[in-house]
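User: I have a model open on my screen and would like to understand the terms used to describe it. Could you take me through them one by one?

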Amino acid sequence: MDYLLTEEQKMIKDLAHKIAEEKIRPVAAKYDISEEYPWEVLKVMAESDMFGLFIPEEYGGFATSVFNLCLATEEFSRACGGIAVCYAASALGTFPIVLFGTDEQKKKYLPALASGKKVAAFAITEPEAGSDASGIKTVAKKVGDHYILNGLKHFITNGGDAETYVVVAMTDKSKGARGASAFIVEKGAPGFTFGKKEDKFGIRASSTRELIFTDCKIPAENLLAKEGMGFIVTMRTFDMSRPGVAAQALGIAQGALELAVKYVRERVQFGKPISSFQGIQWMLADMATEVEAARGLVYSTARMVDAGVKDVAKESAMAKMYASDVAMKVTVDALQLFGGYGYMKDYPIEKYVRDAKITQIYEGTNQVQRGIIALKLIKEMAK
Amino acid sequence: MNIIVCIKQVPETAEVRINPETNTLMREGVKSIINPFDMYAIEEAVRLKERFGGKVSIITMGPPQADSALREAISIGADEGYLVCDRAFAGSDTWATSYTLAGAIKKLGPFDLIICGKQASDGDTAQVGPGISTHLNIPQVTYVKKVEEATDKSMRLERMLEEGYEIIQTPLPALLTVVKEINEPRIPSLKGLMRAKNAKITVLTQKELDLDPQQIGLCGSPTQVVKIFTPAPREGGQMLSGEIPEIAQKLVDLIKSEVN
């Protein structure tokens, strides 16, 4: 398939591919076991300017391009979905500042994120506020020229390892969703600590941790946009970041497909490679076609975002939902093709199944995505 | 520190096929890469530049497509690329190649250091580096695995031997050939790739270099390739058993019978 990439896009894809093959694949199993944060790999990504792909040029990046971010995330995910999400989650934490930050905020935070010296994280989820973000209990109260934050965020990707956090907290509970606001909180802020680190099924190279705010004092100028805009910040951020999650799912599916094709050509049963059996061939054909269909959706959506199309909520949801469902199906089928060996941890394929699963869950479960898509369809017809 | 790195573009595959009729490498359909050992040379040069300042110039002798090897070197931190390219240089053996490269280096002006990979993965001769230093009449230190100390006047180097290593102090300018133990080559940066894409590669032909026509190309190459072949796999050895004096006696008898 020709994706009609520009020369610069090909350069980014090739470079990310090189990083994935030389620096990620060899250590993927190690980090899956140890659950350590893969700083050595992130350092290589940083030195190769990969963190600049989602940050404007005037703040040390290469221009904010969701498409370029997707190309890099897809390639990294082919080798390890866990290491790739450490990278993509930094983009998620950076987007609110790119989208809503003042010039001072951008100047203060973006250069260090663009160079990869610091990693970012986005924190909205709480124990009682998953899909229903209006259930947020963390509060921010303005006291003089400061805000005081109290509450708990959990399941925060890059939690503990990131230096720059965008945290959504309620500034006016009586207003419900319109009473939420977004804040930039730096690691080390007084009253900001980290709690439980999760032991996960997949993407184990990435850290997922609780953030605890106990009378956490941050300067008032760390408010993003205005009070009450927390959910708008969140929705706009997710519109931009969902293609990235879709690209992660796509990369995981592509990586599993490649391993499966390689394996069935080598595995001999009944005197010939199992790739010669029609039952196997038809599985491969379906897997490859679904991966290409997902790629078409992801790339088109990312290009829409970059072109500045205003409302991309439906397409973003479709890309994330479809690519992650494909990733789940393709990785399970890939494991099936490996037979009994596929079930063993000595082979790399079972990790792809574990890494794929989260893409159906985070940044909005696929049920939430379907809700977004359906609502848009119905609204469009009602116009 | 002005550093020159000599590199070679080689076919990617380790299993290079040979045309049995012409005794030359069959390059069709095989991707070209920078000789892996030369990557360590480039990396070491860039590291020295980062420590001491100066610049890194890359030279390669080859066909026009070797341009891409020079750009790759620039993408990981080299400053400029020179392509020594002329039909007059075609068919050069290691003698003519090192003579030609030495000529090109003289043309570039003063330098402090030349670094080469220990050998090329296609020809495996390990002769061009030492050949260049001979033509330029500067010291050479081969198989360098570590730069222990460096100033702009001299270097203290660890040189790999079959068992262990030796430490050598050399004045500069000098030529080093490096082994893979010396460093881990970096991945290019996006900025580096963009710089490389737009970099100007200087082509040096026989016209610019004005070398002795008798010493370049096929006619300047004393090497005659009589035959290239894949050697037959080694046959299994013979195991001697018994007590040590007994084995020793058997061995002596065997050697004697072989000699006779």
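Analyst: Happy to! Keep in mind that this is a predicted model. Let's begin with chain B, where 37% of the 260 residues count as buried.

User: What makes a residue of chain B count as buried?

Analyst: A residue is buried if 20 or more other C-beta atoms lie within 10 Å of its own.

User: What is the order of the strands in the open sheet of chain B?

Analyst: The order is 11-10-9-12-8-1-6-7-13, which makes 9 strands with mixed pairing.

User: Why are strand 11 and strand 13 of chain B said to stand at the edges?

Analyst: Strand 11 (165-171) and strand 13 (201-204) each have a single partner strand, so one side of each is left without a neighbour in the sheet. From one strand to the next, the twist averages 35°.

User: How do you know that strand 8 and strand 12 of chain B pair?

Analyst: Pairing takes at least two bridges between two strands. Strand 8 (residues 113-117) and strand 12 (residues 174-178) of chain B are joined by 5 bridges, so they pair, and they run parallel. In this pair, B:Gly117 stands opposite B:Val178 of strand 12.

User: Which helix of chain B lies across strand 9?

Analyst: That is helix 4 (residues 128-136) of chain B, which runs at about 80° to strand 9 (140-150). This helix also lies across strand 1, strand 8 and strand 12 of chain B.

User: Over in chain A, why is helix 10 called largely enclosed?

Analyst: Helix 10 (residues 349-357) of chain A has 9 residues and 8 of them are buried, so the rest of the structure largely encloses it. Among the buried ones are A:Ile349, A:Tyr352 and A:Val353, along with A:Glu350 and A:Lys351. Their cover includes helix 1, helix 4 (81-100), helix 6 (230-266), helix 8 (313-337) and helix 9 (339-342) of chain A.

User: Finally, how many residues does each chain bring to the contact?

Analyst: Chain A brings 13 residues and chain B brings 7 residues. Helix 1 of chain A gives the most to its side, with 7 residues. By class, the chain A side has 6 nonpolar, 2 polar and 5 charged residues.

Conventions:
Residues are numbered from 1 along each chain as its sequence is written. Chains are lettered from A and ligands numbered from 1 in the order in which they are written. This is a predicted model: local features need pLDDT of at least 70, side-chain atom pairs count only at pLDDT 80 or more; totals for chains, interfaces and linings use all residues. Two residues are in contact if their C-beta atoms, placed from the backbone, lie within 7 Å. Helices (H or I, at least four residues) and strands (E, at least two) are DSSP runs, numbered from the N terminus. Ala, Val, Leu, Ile, Met, Phe, Trp, Tyr, Cys and Pro count as nonpolar, Asp, Glu, Lys and Arg as charged, and the others, Gly among them, as polar. Axes are lines fitted to C-alpha atoms, for helices over the stretch in contact, and angles run from 0 to 180 degrees between N-to-C directions. A residue is buried if 20 or more other C-beta atoms lie within 10 Å of its own, exposed if 12 or fewer, and partly exposed in between; C-beta atoms are placed from the backbone.
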